[in-house]
Every structure is written in structure tokens, then in C-alpha cells.
Amino acid sequence: MEPVVHRLWPRAWQRFHRPLALLQRTHSSSPPVFPLASPLASPPLSCPHSLPLVSRLYQPSNLRDVGPDSRLQGEQTCKSQRLMQQAGLIYPSNPGCYYYLPATVRAMEKLVCLIDEEMQAVGGQKLDMPSLCSAELWRTSGRWELMGKELFRLKDRHGADFCLSPTHEEAVTALVSHQTTLSHRQLPLLLYQITRKFRDEPKPKFGLLRGREFYMKDMYSFDVSEEAAFQTYESVCEAYRRLFSRLGLRCVKVQADTGNIGGTLSHEFQLPADIGEDKLLLCGSCSFSANVETLPSDQTHCPKCKTGTLAQSKGIEVGHTFYLGKKYSEMFNASFSNTQNKATVTEMGCYGLGVTRILAAAVEVLSTDDEIRWPDLLAPYQVCILPPKKGSKADEASSIAEDLAHSLGGTLPRLKGEVVMDDRTHMTIGKRLKDAKRLGYPYVIVVGQGALEEQPKFEVICQKHGETLFLSKDGLLDLLRSVETV
């Protein structure tokens, strides 16, 4: 039997491999596809990294017809929504829900990496909890009724009530309560996830800034004491500060209401913006800042320094932190063994970041009216290379552009996978440059007549500062060597 198998297997493998090889040829600009390893074959050779081409990116031009005065499915538009739809980055599915197209997913994955770094730096452990939660958990906390119409509710075929969770205080506390061997040596325990959340907004608006379905990072802390819980609270707030600093976003930490989540202390992280829905009061003499909901309506003087005057501003809430105390841990009996080996209820905190909201808010506050500006670390691609128009006087420089595009990732490892080439050479440089500026590539390299000179020069447009430089290849590499990536 064994010799027969050895004779038949190569033929079967060859028949299986042929369609895979064809698939690779017809999708040559896609990431390399390796066939399954044959037990009788040598390991596959490594394939060179394929270069992303603008003509192959899924940003359909028929999605880019959003005018500044349009209203999509009853939603109010803002700059970020208009720019992101014009650029083919998002597309509305139904009110408050969007398709996130590939470039947006790239930017969002980079943001998630940064969030992971900061949360794990303070001891966070990542997990994933069910979006579909039992109504019994929410009834135990009293929030099944308290949340009202904002909670998406449904029944299964057996008539049991469930909800699509907008937040997971009940679920995570129930999880921890089931661990009956939790010791004080294991605390603080910080558990977090980055998942889709759901909220039945009465009037979704402003694109990704206020939707019914969105991505959020929510972390929950369990501590041995109130003092320890406050230390954890401050460490997470500091992690938020570092995150927004790395993104180059001016974020204000303001005193906030605890709302339907509860607890005794709360802060919001706000990006100042004219379209912001939150009204803030900021002191001009000290660091005090608060949401107007937390102060008397007629208060004009700072309650902290007593001398400063409070100025009103608007902000987009991108993060929220809560000190919960024992509100949920007592309800669900989330306890640990203390130093005397006695069961003690944990002190809790919870900490949210709006992932998709941060992305849209960054576009909102950094962009011009016509061109997207990304935080440096979040741009879907860092570099876009424009070869000359086909048939133009500079057409001979096309090979130089292609060589440059392929070599940058090898010469500068940080740029591996961060370079895209606009291969639509039937279009003029001007039209492609306009598209590149609209999409917000931090660096656009035009390979034209100057690249054919005895001492080749490349035109480099630095989007962030609005500068145009003419650099040698060494000068170009020196410039791009300083680019930071995730």
C-alpha cells in the first residue's frame, strides 16, 4: 500500500498546486500566497514583499461623491466624515453604521497597537468578552432598566432576554467573581479588550464620531484597597496622556459626571473642537478643567485656584475613566483572599477609549478643509511615490521610481510595508498629487525629470508642514530615516 501512496501523492499535489500558482499569477500585487507544505517537498522559498499599488487599493471612486453640504441618510456631516467618505475610507451602511475600508483598517490597526503598548505597560492583560450578554447580569446591576432605549435588546428562540453590550462592567465582574482562588498577590488585576460596541443612538451623526456601532477599548481594574485603586486610576490616566502625546493630539483631562456607569470619581479626555458636543470650562490661571455638567450653571470662577476665570470651550470626548469602588464587585461578589486569608471585596475602576472616535477626531482637528492630515503614526501608508506620466518627457524615470519604491523598505526597515506607488501613469502628476494630498500621505515623492539628471533630484512634499523639498537620494534617505512607524 505504501509504494502506491508515494506514486499517487506527487500527482495529486501537482494537481492541487496548479490552481494556487495560477491564483498567485493573477493576484501578483496581493501578499504572497504560499501553498500548503508537502510532506515530500522542500520548504518553500521566501517570496519578496509585494509593493502596494494605488490602482489595486480598494478605495472606489464611486464612493467619493460626498459634497460639503450633503446629508447622508439623515446624518449631520462634519469635516472628518466628509473627507473620509470622499477619500473612500468609510462608507455608510445604515444610520450610525459604516464599512471601514482597507486604508481605515490599516490606520485603526496601528492605533490598536499603540493602545496595546500603553495598556500593557501599566499591567493590562488583553482578553475578549462576548458582545451578546445575558439580561440577568444587567438586571443584577439595575442597568437593564436604567439604560433605557440606548441598549440594543433582543430575545433568543427560547424567549430569553439578551443585549448587545455597550460596556462590560457586569460581564467582567461576573468573570472575576467565578475565580474563587484570587489572591491579593495577583492584584492589581487589569483586564481589557478592544471590540465592537453597540449603542442605540437616537440621532447618529458626524460619521465615526457618534455612531450606533463602534470600536472601543474598555479596561477594568481590581485592587486590594481604595488607596491602591486610586494609584491604578492615576497610572491609567498617565497612560492615556502618553498615548495622546505620541499621537500629537492636544487632549484635555476634565472633571466629569459618572453617569449611568456609576462610581465616585470620573474624568473625560477631550479633544478641543468646534463641532464637539461636550461643553467644557477651562481655567486660564491653573490646570482646572471640567465638563459643565459637574458645576453650577452660573459658576464663572475657578473652584480650584479661586482667582482664575472659567472660559467655555467645546470638546470631543475620546476617553473616559471611572473609579467604581465596590459598586459592581459587591453585587457580583468579586473577592480575593487578603493577607489574613480572608475573603475581601475588590475595589474597581473602568477605563474607556473610543478607538474609531479617536481616529475620526484626529482627522477632524488636524485636517484642512480639503486634505486629510493623520497623526504621523497612524497614516495608512507613510510614503507615496509618483512615477512620471506614461509617454511624457520624463517617462524614462519610471524604472527609477519603481526601483526606489521597492528598495526603500529594505534600506529603511521601518518603512517596510509603508510605501505605496501610484501606478496610474495614464494620469498627470498633478491629478495624482491632488489625490495623494487628499488622502494625507505624510510624504509624497515625485519622480520626474530631475531624477534623470547627472545628480538625480527627487521632489518631496511633506504634507504635515506643507513643505516641498528637492533632495538627492542620500538626502531623501536621511529625511525618511527619521520617520517613526508602529
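**Close-up views of a predicted model**

K306 is placed in the loop that runs between β12 (289-291) and β13 (310-325). The model shown in these views is predicted.

**View 1. K306 has a positive phi.** The phi of K306 is near 70°, a positive value in a residue other than glycine. Most residues other than glycine have a negative phi. K306 has 60% relative accessibility, so it counts as exposed.

**View 2. F206 also has a positive phi, in a residue other than glycine.** Here the angle is near 60°. F206 belongs to the loop between β7 and β8 (213-223). Its relative accessibility is 11%, and F206 therefore counts as buried.

**View 3. A cis peptide bond joins L187 to P188.** Omega of this bond is near 5°. Most peptide bonds are trans. P188 is found in the loop between α6 (169-177) and β7 (189-198).

**View 4. F230 and Y323 form a tilted aromatic pair.** The structure holds five aromatic pairs. In the pair of F230 and Y323, the rings are 4.5 Å apart, centre to centre, with 35° between the planes. F230 lies in helix α7 (residues 226-246) and Y323 in strand β13, so the pair ties together parts that are 93 residues apart in sequence. F230 is partly exposed, with a relative accessible area of 29%, whereas Y323 is buried, at 5%.

**View 5. The charged end of R106 sits over the ring of Y381.** The distance from the centre of that ring is 4.0 Å.

**View 6. R153 lies over the face of W144.** Here the distance from the ring centre is 4.6 Å.

How values were computed
Residues are numbered from 1 along each chain as its sequence is written. This is a predicted model: local features need pLDDT of at least 70, side-chain atom pairs count only at pLDDT 80 or more; totals for chains, interfaces and linings use all residues. Side-chain values use heavy atoms; hydrogens and water are left out. Helices (H or I, at least four residues) and strands (E, at least two) are DSSP runs, numbered from the N terminus. Buried means under 20% relative accessible area, exposed over 50%, partly exposed in between (1.4 Å probe, protein chains only). Rings of Phe, Tyr and Trp (its six-membered ring) pair if their centres lie within 6.5 Å; planes under 30 degrees apart count as stacked, over 60 as edge-to-face and the rest as tilted. A charge sits over a ring if NZ of Lys or CZ of Arg is within 6 Å of the ring centre and within 35 degrees of the ring normal.
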